[in-house]
Each structure stands twice: as C-alpha cells, then as structure tokens.
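Subject: Structure handover

Hello,

Please find the structure below, with the sequence. My notes on it follow.

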Amino acid sequence: MDSAQPGIWAGLQEWAGLRVRSALRPHFGVLGANSSERCDWTHHLPTTPWLLQISHHIMEELEQGLLMQPWAWLQLAENSLLAKAYITKQGYTLLVSDLQQVWHEQVDTSVVSQRAKELNKRLTAPPAAFLCHLDNLLRPLLKNIAHPSEATFSCDRVAEALILRVRSELSGLPFYWNFHCILASPSLVSQHLIRPLMGMSLALQCHVKELSTLLRMKDLEIQDYQESGAMLSRGRLKTEPFEENAFLEQFMVEKLPEACRVGNGRPFVMHLQSLYVAVTKQEVQMGQKHQDTVSGDAHTSSSTSLQATDNQLPSQPEQPVSSAPALSVLEKEPLDTSGPMQRTQLSKVKRKKPRGLFS
C-alpha cells in the first residue's frame with residue numbers, strides 16, 4: 001500500500017495540473033506539456049478571490065455591454081423576434097424576446113470551448129476564434145444587413161427554453177452553434193425593457209414640453225409681426241395660435257390608435273433605437289457614479305475610523321510592528337494569509353520600522 005502512494009499522488013498532481021492549465025488558459029495563454037512547465041504552473045496560480053474577481057469583472061463587462069446594445073428585429077421562418085447580443089473574447093451574452101417572453105444566455109470561454117467540442121468535433125480552435133466567428137455571423141443579422149448565404153438561422157422552443165441554431169462554415173468545414181436561452185429573470189427584464197422604456201417615455205414627454213414652449217414663443221413672435229403691420233403673402237400658410245390642451249385631445253382621438261400600434265415590435269426597432277441606446281448609456285453612467293460614490297464613502301469612513309482610534313489611544317507604547325501598514329498592503333493585494341507570501345510581506349514591514357497605530 002505504501003509503495004502505491006507515490007504513484008497515486010503523482011497521478012493526482014498531474015490531474016490537478018491539467019485542470020488548472022485549462023482554467024488559466026484564457027488568462028495566461030497555453031501552458032506547455034513538458035516537465036519544466038508542469039513544475040512552473042504553480043507560480044501562475046492566483047488566489048481564489050482573485051479568480052472570482054476576474055470572473056465577476058468579465059460578467060459585469062458583458063452585462064453592461066449588452067445593456068448598451070440596440071434591439072434588432074429578426075424574422076426567422078414564422079418567428080418574429082427582438083434580439084440583442086454582445087460578444088467579446090471572454091464570452092457572449094444574448095437576449096431574445098417575442099413580446100410575450102424574454103430569454104437570455106450568458107456564457108464564458110469554458111462553456112464556449114465545451115459546446116464547440118460537442119457540436120464541431122472536426123474543428124479545433126481556441127474559444128476566442130469561435131467567439132470571433134459568432135460575432136461575424138450575428139453582427140450582419142442584428143444590423144439588418146444581408147448575411148452570407150452560407151449562414152442559416154433557425155429557432156426552436158423546448159419547454160420554457162428557446163434554442164437559436166446557427167449553421168455556417170469555418171475554415172472550410174461545417175460549423176454549428178446552438179444558443180441555449182432560458183427565461184430571463186424579472187430583474188433582467190426590468191433592466192433591459194421596463195426601466196429603459198420608462199426613461200424613454202419621460203424623455204419624450206420632456207421633448208414634447210420643450211416643443212410646446214417653442215411653439216408658444218413662435219406664436220408670440222408672429223403676433224408681434226402682425227401688430228407691427230406685417231401680413232402674410234400666402235394665405236395658406238396662416239395657422240391658429242397653439243393650444244396645448246386642445247392639441248393633446250385631438251391627438252388622443254385621431255393619432256393615438258395608429259401611433260401606439262406595437263405589432264411585432266418592428267416599429268420600435270426602426271424608429272426608437274437611438275433614443276433607447278442614449279437612455280441605457282445614461283443608466284450605466286449613473287450606476288458607475290453611484291458605485292464610485294459608495295466606494296468613496298467607504299474609504300472616507302475607514303480613514304475616519306482609523307484617525308479616531310489613533311486619537312483615542314495616544315498613550316499606548318510604541319509597537320515594533322504595526323498592524324495598520326500591514327492591513328493597508330493586504331487590502332491592495334489580497335493574499336493567502338497562511339502561505340509564505342504573508343511571511344515575506346511581514347518581513348518587509350519589519351525592515352521599514354514604521355510608526356505604529358498606537359504610537
């Protein structure tokens with residue numbers, strides 16, 4: 001049994017190395033397979049919080065990128081759909097709606113690599129190559145440009161999911177892809193539809209008020225000309241003074257039924273996407289400002305609490321190694337508190353001999 005243990009541990013180490021190389025490939029490139037590189041992969045191994053931070057940043061980038069994309073109208077066989085997508089080298093996110101339900105998919109490079117192997121067994125390429133090809137296929141479709149004849153799109157509904165199928169060619173070989181979209185969460189629907197549409201409604205209302213004010217000013221200008229003796233040379237250009245309430249009543253009766261006809265969503269896509277993108281960009285900017293404010297308040301609160309502690313305990317004896325500088329360094333670069341990195345960091349602090357928190 002004891003003689004078998006080295007072989008078991010070697011096998012476990014080899015398996016762990018393969019798993020880590022696969023996980024780190026998008027961030028550090030392809031790690032080689034020779035013995036020296038098998039020993040060196042541990043030097044590239046980040047801490048778990050660092051990996052989580054990268055993953056969170058990638059997902060956040062995809063979410064913000066999708067929010068600022070306009071909607072496109074798709075006619076796939078008998079299915080009329082609204083869709084928007086955002087693709088990077090790190091993954092993609094897709095949102096589809098038939099005005100009854102909303103479906104969503106968001107994946108990273110690991111899912112792309114696995115699905116590519118399942119659907120395209122004869123093709124071998126890094127995830128970034130597949131993502132670039134998908135972007136080249138979807139972009140003309142979403143921009144309402146005639147896409148290449150070799151690319152075909154179709155969709156199927158399976159239970160509550162929607163599968164968007166793509167068939168094309170890559171490097172002279174058949175290329176297949178399936179977008180597996182599940183029902184979007186209520187918060188996602190609110191983020192991409194409810195809140196932007198409310199913002200657009202408020203913006204259009206403000207626009208109408210500005211135009212009404214401008215018309216009243218034009219009426220006053222015309223009245224001044226008339227009082228000065230000016231007359232129209234063409235009677236057909238004469239207009240009545242603008243009355244906002246009367247105009248709104250007439251609009252509700254005569255224009256509203258035709259104006260609010262949503263249909264299959266195409267009028268919304270054709271005429272309002274510039275306003276939609278402007279509203280969503282404003283939403284993203286406000287969210288970023290709020291995050292910066294919260295971060296600034298947290299930093300200020302932390303600094304204030306440290307100063308208060310320093311003022312409350314002025315008579316404590318000087319400590320050889322202060323905890324305050326060590327904390328500030330660890331906050332900037334999260335490290336494993338049980339590993340050799342922490343001992344190296346503490347030794348650096350000892351050599352600098354900083355004044356302690358309680359000095």
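Predicted model: local features only at pLDDT ≥ 70, side-chain atom pairs only at ≥ 80, totals over all residues.

I start with a turn between two strands. Strands β1 and β2 make a hairpin with two residues between them, and alanine 77 in the turn has a positive phi of about 60 degrees.

Residues are numbered from 1 along each chain as its sequence is written, and side-chain values use heavy atoms, with hydrogens and water left out.

The sheet

β1 (residues 72-76) is paired with β2 in the antiparallel sense over five bridges; two strands count as paired if DSSP finds at least two bridges between them. Across this pair, leucine 76 is opposite asparagine 79 in β2. On β2, eight of the 10 residues (the strand covers 79-88) are buried, so the strand is largely enclosed by the rest of the structure. Buried means under 20% relative accessible area, exposed means over 50%, and partly exposed is in between (1.4 Å probe, protein chains only).

β2 also pairs with β3 (residues 91-97), antiparallel and through seven bridges. These two strands form a hairpin as well, again with two residues between them, and threonine 88 has glycine 91 in β3 as its bridge partner.

At the β5 end, seven bridges join β5 to β6 in an antiparallel pair. Cysteine 155 has leucine 164 in β6 as its bridge partner. The hairpin of β5 and β6 has two residues between the strands, and alanine 159 takes a positive phi near 55 degrees there.

Helices on the sheet

Salt bridges

How many salt bridges does the structure hold? There are eight, where a salt bridge is a side-chain nitrogen of Lys or Arg within 4 Å of a carboxyl oxygen of Asp or Glu. Three of them are described here.

Arginine 115 pairs with glutamate 105, with 2.8 Å between the closest N and O atoms. Arginine 115 is in helix α4 (residues 109-119) and glutamate 105 in strand β4 (residues 102-108), so the pair ties together parts that are 10 residues apart in sequence. Arginine 115 is buried at 11% relative accessible area, and glutamate 105 is buried at 6%.

Arginine 195 and glutamate 283 form another salt bridge, at 2.8 Å from N to O. Since arginine 195 lies in helix α6 (residues 186-227) and glutamate 283 in helix α9 (residues 266-312), the pair ties together parts that are 88 residues apart in sequence. Arginine 195 is partly exposed at 48%, and so is glutamate 283 at 31%.

In a further salt bridge, arginine 261 meets glutamate 258 at 3.5 Å, N to O. Arginine 261 is exposed, at 54% relative accessibility, and glutamate 258 is exposed at 52%.

A nonpolar patch

Phe247, Leu248, Phe251, Met252, Val253 and Leu256 make a nonpolar surface patch of about 540 Å². Patches are made of residues with over 30% relative accessible area and no salt bridge, with like charges joined within 9 Å and nonpolar side chains (Val, Leu, Ile, Met, Phe, Trp, Tyr) within 5 Å. The areas come from the Shrake-Rupley method with a 1.4 Å probe, and for residues only the protein chains shown count as cover. Helix α7 (residues 244-254) gives the most to this patch, with five residues. Phenylalanine 247 is in helix α7 and is partly exposed, at 41% relative accessibility.

Regards

Terms used
Helix = DSSP H or I, 4+ residues; strand = E, 2+ residues; numbered from the N terminus.
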